[in-house]
Amino acid sequence: MIVFNGKEASELGLNVVPFTLRRLPQKNHTFVNILGSEEPIIVKSGGAVPVQIDIEADLTDKSRFDEVNAWLTGRGLLVDDEEPDKYRIAEVLDGTTLTSVNDDITTLTWAFMCSAYMYAVNPTVVDISDATVYKQLDYKGTVEGAPKIRFKSNSHDPITFTVNGVNFVVTLPDVCVTYVLPVVIDTEHQIMYYEWLEERHAITQYSSGDFPLLHADGTANYIKFSGSVVEATINLNERWY
């Protein structure tokens, strides 16, 4: 079964051919021509590439085609019942194909272009407000973790978050300190921002060091901080291929 944007395909009268969100990882590669070499060499350029997932389903009630067509629009979260605790960010590609099987059944085929990784539907969030000494994190993803640290502080003094021995240093601007606003260090998007009135305001320039990463090879993960923090959590943002 397929769930897209919170609605199951079966609710629309679709019987989906079984599929899986699992895909072998594909990496970005660049071909580089080297003077004196007969053939270009392949260089890994970092990061995984998006994946295409093709779907086939039978529509048993043709009167619901317009409803199905409206559902297969735009961008959202894609889940399958094989692993309902994981999702990919998906966008419907243009070009849904219709094939009439008989007077009652029409077969639809379409494709999603999906994020390179699967993510946890309910990611692990750990309270680290007391992590002035190393606190161990239980990361279950199979791809290096790109966590989100969310915290508040009422001090202009530097705050250092140390993840697996790597420091990320923050000195907050006045607005964050005065109003004790929530600040987010977002590794996946390589940005730090504060939240105010349901808007995000980038303040990455008030930070230094490498964005934190979590091991996915079975090595233990640890976090601690120094400085004045009112409260803090870390979203492990588990990822899988």
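Predicted model: local features only at pLDDT ≥ 70, side-chain atom pairs only at ≥ 80, totals over all residues.
Biologist: Is E238 buried or exposed?

Modeller: Buried means under 20% relative accessible area, exposed over 50%, and partly exposed in between (1.4 Å probe, protein chains only). E238 has a relative accessible area of 4%, so E238 is buried.

Biologist: Which residue's side chain makes a polar contact with that of E238?

Modeller: Contact means heavy atoms within 4.5 Å. Not counting residues up to four places away in sequence, E238 touches several residues, including Y119, T124 and K140. A polar contact is a pair of N or O atoms within 3.5 Å; within protein, one must be able to donate a hydrogen and the other to accept it, and residues adjacent in sequence count only if both atoms are side-chain atoms. At 2.5 Å, the side chain of E238 has such a contact with that of T124.

Biologist: How many aromatic pairs are there?

Modeller: Rings of Phe, Tyr and Trp (its six-membered ring) pair if their centres lie within 6.5 Å; planes under 30 degrees apart count as stacked, over 60 as edge-to-face and the rest as tilted. By this rule, the number of aromatic pairs is 11.

Biologist: How many residues apart in sequence are the parts that F4 and F112 tie together?

Modeller: F4 and F112 form a tilted pair, 5.0 Å centre to centre with 50° between the planes. F4 is in strand β1 (residues 2–4) and F112 in strand β10 (residues 106–114), so the parts tied together are apart in sequence by 108 residues.

Biologist: What kind of pair do Y134 and Y222 form?

Modeller: The ring centres of Y134 and Y222 are 6.0 Å apart. Their planes lie at 70°, so the pair is edge-to-face.

Biologist: Which residue lies over the face of Y117?

Modeller: A charge sits over a ring if NZ of Lys or CZ of Arg is within 6 Å of the ring centre and within 35 degrees of the ring normal. At 4.4 Å from the ring centre of Y117 lies R239.

Definitions and conventions. Residues numbered from 1 in each chain as written. Heavy atoms only, no water. Helix = DSSP H or I, 4+ residues; strand = E, 2+ residues; numbered from the N terminus.
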